[in-house]
Amino acid sequence: QVQLVESGGGLVQVGGSLRLSCAPSGSIFGAATMGWYRQAPGNQRELVASSTSDGRTNYADSVKGRFTISRDNAKNTIYLQMNSLKPEDTAVYYCNGNLQLTRFAIARTYWGRGTQVTVSS
């Protein structure tokens, strides 16, 4: 079964940068909106950034100007460039995508398992 697989998390100091990647584990027909969510301990999962297939983006206010979402439609892959990281950015980051597995399949929402981002002060 196809899954979304994240990579690129880790430990970084305040002010540092990380780049997350997310791609399907197998071949798919296409992807509509894809995005990144995060969940810190004790908090609800929240939207960080999203991107439609035609390039429209949306960001949480807390990351505007610091994070950039991008995507490679040919690879159905999205990226999250995170700059000027703050301790409050510490969370598990999850990839989310509305994927169409085959040409005649109905698009469904898929989640990755998450990747830990820790920002130390």
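1. Burial comes first. Here, buried means under 20% relative accessible area, exposed means over 50%, and partly exposed lies in between, with a 1.4 Å probe and protein chains only. At 69% relative accessibility, Arg-113 therefore counts as exposed.

2. Ground rules. This is a predicted model, in which local features need pLDDT of at least 70 and side-chain atom pairs count only at pLDDT 80 or more, while totals for chains, interfaces and linings use all residues. Residues are numbered from 1 along each chain as its sequence is written, and side-chain values use heavy atoms, with hydrogens and water left out.

3. Overall make-up. The chain has 11 strands and 0 helices. Strands (E, at least two residues) and helices (H or I, at least four) are DSSP runs, numbered from the N terminus. Read along the sequence, the pattern is β-β-β-β-β-β-β-β-β-β-β.

4. Dimensions. The radius of gyration of the chain is 14 Å, which agrees with the value near 14 Å for a compact globule of 121 residues. The radius is taken over C-alpha atoms, and the globule rule is 2.2 Å times the number of residues to the power 0.38. Along its principal axes, the C-alpha trace spans about 50 × 25 × 20 Å. Buried residues make up 40% of the 121 residues.

5. Contact range. Contact means heavy atoms within 4.5 Å. Take the contacts in the chain with a separation of 6 or more: residues 24 or more positions apart account for 56% of them.

6. Core. A nonpolar core is a set of buried Ala, Val, Leu, Ile, Met, Phe, Trp, Tyr and Cys residues joined through side-chain atoms within 4.5 Å. The largest one has 29 residues, and Trp-36, Val-48, Phe-67, Leu-80, Met-82 and Tyr-93 touch the most other members. Two or more residues each come from strand 3 (18-24), strand 4 (30-39), strand 5 (46-51), strand 7 (67-72), strand 8 (77-82), strand 9 (91-100) and strand 11 (115-120). Strand 9 gives the most, with 4 residues. In soluble globular proteins, nonpolar side chains tend to be buried together.

7. Met-82 in detail. Leaving aside neighbours within four places in sequence, Met-82 is in contact with Gly-16, Ser-17, Leu-18, Leu-20, Arg-66, Phe-67, Tyr-93 and Val-117.

8. Strand 9 and its partners. Strand 9 is mostly covered, with 7 of its 10 residues buried. Two strands pair if DSSP finds at least two bridges between them. Strand 9 pairs with strand 4 in the antiparallel sense over 8 bridges; Tyr-37 stands opposite Tyr-94 of strand 9. With strand 10, strand 9 pairs in the antiparallel sense over 4 bridges, and Gly-97 stands opposite Tyr-110 in strand 10. The antiparallel pairing of strand 9 with strand 11 runs over 3 bridges. There, the bridge partner of Ala-91 is Val-117 in strand 11.

9. Disulfide. A disulfide is a pair of cysteine sulfur atoms within 2.5 Å. A search of the whole structure finds 1. Cys-22 and Cys-95 form it, with their sulfur atoms 1.9 Å apart. Cys-22 lies in strand 3 and Cys-95 in strand 9, so the pair ties together parts that are 73 residues apart in sequence. The torsion about the S-S bond is about -80°, so the disulfide is left-handed. Both Cys-22 and Cys-95 are buried.

10. Salt bridges. The criterion is a side-chain nitrogen of Lys or Arg within 4 Å of a carboxyl oxygen of Asp or Glu. The whole structure holds 5. Glu-46 and Arg-38 meet at 2.8 Å, N to O. Glu-46 is partly exposed at 37% relative accessible area, while Arg-38 is buried at 5%. Arg-56 and Asp-54 meet at 3.2 Å, N to O, and both are exposed. Lys-64 and Asp-61 form a salt bridge with their closest N and O atoms 3.1 Å apart; both residues are exposed. Salt bridges that share partners join Arg-38, Glu-46, Arg-66 and Asp-89 into one network.

11. Back to Arg-113. This residue sits in the loop between strand 10 (108-111) and strand 11. Which residues does Arg-113 contact, leaving aside its neighbours within four places in sequence? They are Gln-3, Leu-4, Glu-6 and Tyr-94. The C-alpha atoms of Arg-113 and Val-92 are separated by 9.2 Å, the two residues being 21 residues apart along the chain.
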